[in-house]
Amino acid sequence: MKRSVTNQLTLDIQNYLFGKRIFSWRQNTQGRIGRNGQLIPATKKGVPDILGCCHSRFFGVEVKKEQESLSPEQQGFIKSVDQAGGKVFVARNFEIFRKDFETWQLSQQLF
C-alpha cells in the first residue's frame, strides 16, 4: 500500500529524529472512534503531528502538503509555543525540515 505524501514525510521525520536519538513521538490529533461508532475529537485542536524535546526545549512538527495552509488553531498553538520558548516547524519537504531543525538544534546548544 502506497503512503500519502504527508504520511511518508511524517515517517521520514520520525525516522530522522529517532536516528539522532531525539525524544519525540507522533501525536494523534484525529481523535478516536467511540463505542457507538462516532468520532470523538481530540481534546486540543491545533496540536502538531510530531512532538518532542531537544536540549531541554519543546518542539513540534506540523506536516503539511506544499499548498496546504495552517488552520487558525494551528497558528494559535504555534504562537503559544513560541511565546513559551519552544519551536514548531512546519514541514513540507524533508530536506528543508532537516536543515531548519539542525540550525535550530545548534542554536539551542548555546544555552
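Which residues of α3 are buried?

**Figure 1. The buried face of helix α3.** In this predicted model, the buried residues of α3 are Phe97, Phe101, Trp104, Gln105 and Gln108. Looking down the helix axis, these buried residues fall within an arc of 105 degrees, so they line one face of α3. An α-helix has 3.6 residues a turn, so residues three or four places apart point the same way. On the other side of α3 you will find Ile96, Lys99, Thr103 and Leu106, which are exposed. The buried residues of α3 pack against α1, β4 (50–54), β5 (57–63) and β6 (87–91).

**Figure 2. The start and length of α3.** At the start of α3, asparagine 93 brings a side-chain oxygen to within 2.9 Å of the backbone nitrogen of glutamate 95. The helix itself has 15 residues, and from its first C-alpha to its last it reaches 21 Å, close to the 21 Å expected at 1.5 Å a residue.

**Figure 3. Helix α1 and its buried face.** Helix α1 has 15 residues and reaches 21 Å from first C-alpha to last, close to the 21 Å expected at 1.5 Å a residue. Its buried residues are Thr6, Leu9, Thr10, Ile13, Tyr16 and Leu17. Seen down the axis of α1, they fall within an arc of 125 degrees, so they line one face of the helix. Phe18 and Gly19, on the other side of α1, are exposed. The packing partners of the buried α1 residues are β1 (23–26), β4, β5, β6 and α3.

**Figure 4. Aromatic rings between α1 and α3.** The structure holds 11 aromatic pairs. In one of them, tyrosine 16 and phenylalanine 101 have ring centres 6.2 Å apart and planes at 90 degrees, so the pair is edge-to-face. This pair links distant parts of the chain, with tyrosine 16 in helix α1 (residues 5–19) and phenylalanine 101 in helix α3 (residues 94–108), 85 residues apart. Both tyrosine 16 and phenylalanine 101 are buried. They also belong to one aromatic cluster, formed by Tyr16, Phe59, Phe89, Phe94, Phe97, Phe101 and Trp104.

**Figure 5. A tilted pair, phenylalanine 23 and tryptophan 25.** Here the ring centres lie 5.3 Å apart and the planes meet at 50 degrees, so the pair of phenylalanine 23 and tryptophan 25 is tilted. Phenylalanine 23 counts as exposed, at 56% relative accessibility. Tryptophan 25 is partly exposed, with a relative accessible area of 34%.

**Figure 6. Lysine 87 over an aromatic ring.** Lysine 87 has its place in strand β6, and its charged end sits over the ring of phenylalanine 89, 5.3 Å from the ring centre. With a relative accessible area of 32%, lysine 87 is partly exposed. Leaving aside residues up to four places away in sequence, lysine 87 touches Phe58, Phe59, Gly60, Val81 and Trp104. Arginine 57 is 30 residues from lysine 87 in sequence, and the two are 7.9 Å apart in space, C-alpha to C-alpha.

**Figure 7. Glutamate 62 and glutamine 74.** Glutamate 62 is placed in strand β5 and counts as buried, at 4% relative accessibility. Not counting residues up to four places away in sequence, its contacts are Val47, Pro48, Asp49, Leu70, Gln74, Val88, Phe89, Val90 and Ala91. One of these, glutamine 74, is found in helix α2 (residues 72–83). Glutamine 74 is buried too, with a relative accessible area of 10%.

**Figure 8. The setting for the close-ups.** The protein's secondary structure comes to 3 helices and 6 strands, and along the sequence the pattern reads α-β-β-β-β-β-α-β-α. The C-alpha trace spans about 50 × 35 × 30 Å along its principal axes. Of the 111 residues in the protein, 32% are buried. Among contacts between residues at least 6 apart in sequence, 61% join residues at least 24 apart.

Conventions. Residues numbered from 1 in each chain as written. Predicted model: local features only at pLDDT ≥ 70, side-chain atom pairs only at ≥ 80, totals over all residues. Heavy atoms only, no water. Phe/Tyr/Trp six-rings, centres within 6.5 Å; stacked < 30°, edge-to-face > 60°. Helix = DSSP H or I, 4+ residues; strand = E, 2+ residues; numbered from the N terminus. Buried < 20%, exposed > 50% of the residue type's maximum accessible area, 1.4 Å probe, protein only. Lys NZ or Arg CZ within 6 Å of the ring centre and 35° of its normal. Expected span 1.5 Å × (residues − 1). Arc of directions from axis to C-beta. Contact = heavy atoms within 4.5 Å. Polar contact = N/O pair within 3.5 Å; in protein donor to acceptor, adjacent residues only side chain to side chain.
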